[in-house]
Amino acid sequence: MPSSRDVLTPDSLAMLQAIAETGSFAAAARSLGLVPSALTYRVRQIEDALDVLLFDRSSRHAQATEAGQALLREGARLLQEIDAVAHRVKRVATGWEPQLTIVVDGAIARTPVFELIEAFYALKPPTTLKIKDGILSGTLEALTSGQADLAVGIAVNASNAAELQTREIGEMEFIFAVAPHHPLAQATEPISDEELLQHRLIAVADSGVRDKISYGLVNGQDVLTVDSMQAKVEAQIRGIGGGFLPRGMAQAYLDAGLLVTRQVRRASRNLRLHYGWPGAAHRTPGRALQWWLEQLESPATRRALMENHHRH
């Protein structure tokens with residue numbers, strides 16, 4: 001007797017789908033170019049191998065039983081997966097990666113990132129995109145640990161990471177900002193560390209696992225830690241605390257009067273941001289990564305990633 005593996009072939013699954021869609025064995029046989037007896041025999045073989053009844057033959061229509069419906073659902077999924085595998089193999093042969101994972105640091109503007117995603121999809125590439133969020137050392141770590149193929153917004157030193165290519169995006173200016181109703185909004189400038197210590201700081205948690213770093217903290221200061229730049233902005237607008245924000249991200253809120261910028265005595269917080277990807281200089285990237293690297297070579301794109309945090 002044939003086994004379930006012998007009978008559950010892609011052709012058999014497609015045949016069962018044809019029966020369900022046409023509603024009768026005879027109509028399915030016609031659509032598949034089979035004689036009805038051959039189709040009926042093949043269905044019986046599947047039923048015998050699985051020891052289930054797939055179609056209720058008591059009515060004029062071929063009605064799938066509960067077991068039959070389950071097999072049709074799973075069969076449709078398997079056929080899709082087979083098509084996807086064939087598609088992926090074909091892509092690899094054309095030089096396109098099956099998937100490209102990009103980690104984007106929280107300090108990078110999201111609007112231009114999504115504009116790049118739209119432009120990439122306009123090419124109708126056979127590559128699946130995955131976008132991950134990173135903060136500080138976690139952005140680099142996603143790259144060095146093999147979880148990402150491209151990192152945009154590396155703010156930490158990547159020079160000791162083996163076989164990593166990096167290019168500069170630019171220098172991002174950070175400003176200290178608080179809500180207009182926060183006590184520090186009325187403090188005498190420049191604000192000293194001693195005064196900052198009296199107030200809560202809003203900090204974004206480093207998404208790295210190994211070497212966590214932090215920026216802008218005064219030792220002993222009360223800190224509210226959040227896990228995204230959006231949450232940090234929200235907390236600062238509400239007056240829960242103060243903190244450093246990229247000027248491009250804060251500008252719309254400053255213009256709207258939701259935040260005010262304050263001069264602090266400590267050195268201004270400017271970060272030099274980079275983008276990076278793994279691989280030796282002589283290794284040619286896949287076509288999807290090549291496209292993204294070409295876009296990032298544009299000074300206008302790099303400037304937008306630093307500044308265009310809000311839709312205009």
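**Reading helix packing and cores**

Q: In this predicted model, how close do the axes of helix α3 (residues 25-32) and helix α4 (residues 36-50) come, and at what angle do they cross?
A: The axes of α3 and α4 come within 9 Å and cross at roughly 110°. As a general idea, two packed helices are described by the angle between their axes and the distance between the axes. Here, angles of 65 to 115 degrees count as roughly perpendicular, so α3 and α4 are roughly perpendicular to each other.

Q: Which residues of α3 and α4 meet?
A: From α3 you get F25, A28, A29 and L32; their partners in α4 are P36, L39, T40 and V43. By type, that contact has seven nonpolar residues, one polar and no charged.

Q: How is the chain divided into domains?
A: Domain 1 is 4-76, domain 2 is 92-168 + 275-308, and domain 3 is 172-271. The centres of domain 1 and domain 3 are 65 Å apart, going by C-alpha atoms.

Q: Which residues in the largest nonpolar core touch the most other members?
A: In soluble globular proteins, nonpolar side chains tend to be buried together. In this case the largest core has 40 residues, and I102, I108, L150, V152, F176, L273 and W292 touch the most other members. Helix α11 (287-296) gives the largest share, six residues. Domain 2 and domain 3 both contribute residues, so this core lies between them.

Q: What does W292 touch, leaving out residues up to four places away in sequence?
A: W292 touches L100, I102, V113, L116, I117, F120, L129 and L150. There's also a second, separate core of 20 residues, with V7, L13, F25 and I46 among them.

Methods. Residues numbered from 1 in each chain as written. Predicted model: local features only at pLDDT ≥ 70, side-chain atom pairs only at ≥ 80, totals over all residues. Heavy atoms only, no water. Domains from an automatic or database assignment. Axes fitted to C-alpha atoms, helices over the stretch in contact; angles between N-to-C directions. Helix = DSSP H or I, 4+ residues; strand = E, 2+ residues; numbered from the N terminus. Parallel < 35°, antiparallel > 145°, perpendicular 65-115°, else oblique. Contact = heavy atoms within 4.5 Å. Nonpolar A, V, L, I, M, F, W, Y, C, P; charged D, E, K, R; others polar. Core = buried A, V, L, I, M, F, W, Y, C linked by side-chain atoms within 4.5 Å. Buried < 20%, exposed > 50% of the residue type's maximum accessible area, 1.4 Å probe, protein only.
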